[in-house]
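Please keep the sequence and the three-dimensional view side by side while you read.

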Amino acid sequence: MQEELKNIEICAIADIKNTNTSEEIDKVRVKYLGKKGELTKVLRGMGKLSSEQRPVIGKIANNVRENIEQSIVSRINKIKQEELNSRLSSEVIDVTMPGQKITLGKKHPITQSMDDLIGIFTKMGFKVAEGPEVESVYYNFDALNAAKNHPSRDMSDTFYIDENTILRTQTSPVQVRTMEKTKPPIRIISPGRCFRNDTPDATHTPMFHQLEGLVVDKGITLGDLKGTLEVFAKYFFGSQTKIKFRPHYFPFTEPSAEVDATCFKCTGKGCSLCKGSGWIELLGAGMVHPNVLRNCNIDPEIYSGFAFGMGIDRLTMMKYGIDDIRLFFENDMRFLNQF
Ligand code: FA5
């Protein structure tokens with residue numbers, strides 16, 4: 001039996017030396033040390049030995065097992081090292097190869113305008129306020145002094161979710177939400193999405209962006225409104241820009257005006273962009289109607305304010321000479337990459 005054990009050790013070690021992969025070495029392990037392995041078979045026959053022989057053979061068998069196991073471990077380590085070395089030499093990194101260009105994304109032109117506008121107004125001391133896009137009829141119309149039969153309330157102009165809930169048609173409801181929560185002095189702007197049941201054409205889309213402005217304090221006048229909008233127009237379109245007020249009607253401002261700016265392309269001389277007039281319509285504005293102040297528990301005898309609302313998409317069109325608003329929403333990279 002002693003002889004048999006020695007033979008097994010010699011054969012196992014020779015087999016182990018001949019292995020080249022982890023799978024091969026596993027097969028050798030099963031062949032000699034597995035349940036039906038050669039060493040195991042011999043050890044099963046030990047029961048037939050005499051009590052003197054058994055410890056002697058048992059010791060030898062243990063030695064043989066240990067030697068085989070050790071040799072398996074050292075072969076495995078060697079194989080792993082060889083596998084690693086061959087991977088390292090085959091997967092060489094060529095540091096002289098040219099790098100891959102990473103294309104950086106950029107903000108949508110309307111988001112860029114929004115950022116510009118926020119920058120201009122926050123420098124003038126305005127804070128940014130937010131309101132919901134799904135709005136109540138109360139905040140979008142009633143609290144803003146819109147008559148019950150005002151045409152803008154019609155379903156052909158406004159998207160209704162239910163009788164009292166709509167998609168806001170303007171950012172003006174943020175005026176009311178702010179005045180309800182904050183005591184004057186108030187100086188806020190509120191950029192965001194608006195929705196109208198308008199058929200898409202070169203200057204209309206059913207979803208567009210507005211920026212609302214609101215100032216309420218003691219002694220605020222139309223002169224403050226004019227000064228603020230003049231600063232805005234010069235920063236946004238260029239320092240040569242002038243503005244003018246045309247009388248208009250909004251339910252929530254009195255007096256109300258539409259504000260035009262000198263065409264930034266021809267600087268007021270008249271061109272195709274301004275249709276020869278030299279002026280371009282910018283926004284709606286006016287002094288906050290006393291009824292709106294009252295609806296928000298602000299005493300119009302003590303406080304006055306001005307408000308304005310501009311279409312950000314249209315401002316962006318004017319600034320860059322874009323002739324169709326729908327281009328903003330087509331996601332054509334050839335168009336968007338120009339900004
Ligand atoms: C208003 O919405 C008022 N809330 C503005 C205002 C605020 C006046 C505060 C006084 C005080 P108007 O309906 O004119 O006003 O819309 C303002 C701007 O939104 C327009 O000048 C235009 O630039 C933009 N706009 C309106 N409808 C669309 C549309 N369908 N697509 C793109 N832009 C639009």
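A residue is called buried when its relative accessible area is under 20%, exposed when it is over 50%, and partly exposed in between, with a 1.4 Å probe and only protein chains considered. Helices (H or I, at least four residues) and strands (E, at least two) are DSSP runs that are numbered from the N terminus. This is a predicted model, in which local features need pLDDT of at least 70 and side-chain atom pairs count only at pLDDT 80 or more, whereas totals for chains, interfaces and linings use all residues. Residues are numbered from 1 along each chain as its sequence is written, and side-chain values use heavy atoms, with hydrogens and water left out.

Strands of a sheet pair through backbone hydrogen bonds, either parallel or antiparallel.

S5 in turn runs antiparallel to S6, to which it is joined by 10 bridges, with Ile186 standing opposite Val216 in S6. S5 is mostly covered, since 8 of its 10 residues are buried.

Further along the order, S9 and S10 run antiparallel and are joined by 5 bridges; here Ala285 stands opposite Phe308 in S10. Strand S8 (residues 253-262) is also antiparallel to S9, and 8 bridges join the two. Two of the facing positions can be found by name, for Val259 stands opposite Leu283 in S9, and Thr262 stands opposite Trp279 in S9. S9, too, is mostly covered, with 8 of its 10 residues buried.

Helix H10 (residues 312-320) has Ile312, Asp313, Leu315, Thr316, Met317 and Met318 as its buried residues. These residues pack against helix H5 (109-123) and helix H8 (222-237), and also against strands S5 (186-195), S6 (207-217), S9 (279-288) and S10 (304-311), contact meaning heavy atoms within 4.5 Å. After H10 comes Gly321, whose phi is positive, near 65 degrees.

Which residues are closest to the ligand? Of the 23 residues that surround the ligand, the closest are Gln170, Ser172, Arg196, Asp198 and Thr205, a residue being near a molecule if one of its heavy atoms lies within 4 Å of it. S6, S9 and S10 each supply at least two residues of this shell, and S10 gives the most, with 4 residues. A polar side-chain atom of Asp198 lies 2.7 Å from a nitrogen atom of the ligand, and a polar side-chain atom of Ser172 lies 2.9 Å from a nitrogen atom of the ligand. In Thr205, by contrast, a backbone N or O atom lies 3.0 Å from a nitrogen atom of the ligand. Taken alone the ligand exposes 680 Å², and the protein buries 92% of that; accessible areas come from the Shrake-Rupley method with a 1.4 Å probe, and for residues only the protein chains shown count as cover.

Two single residues complete the tour. Asp260 is found in strand S8 and is buried, with a relative accessible area of 5%. Its side chain is joined to that of Arg246 by a polar contact of 2.7 Å, which is a pair of N or O atoms within 3.5 Å; within protein, one must be able to donate a hydrogen and the other to accept it, and residues adjacent in sequence count only if both atoms are side-chain atoms.

Asn197, in the loop between S5 and S6, is partly exposed, with a relative accessible area of 33%. A polar atom of the Asn197 side chain lies 3.1 Å from the backbone oxygen of Met155.

Methods:
Two strands pair if DSSP finds at least two bridges between them.
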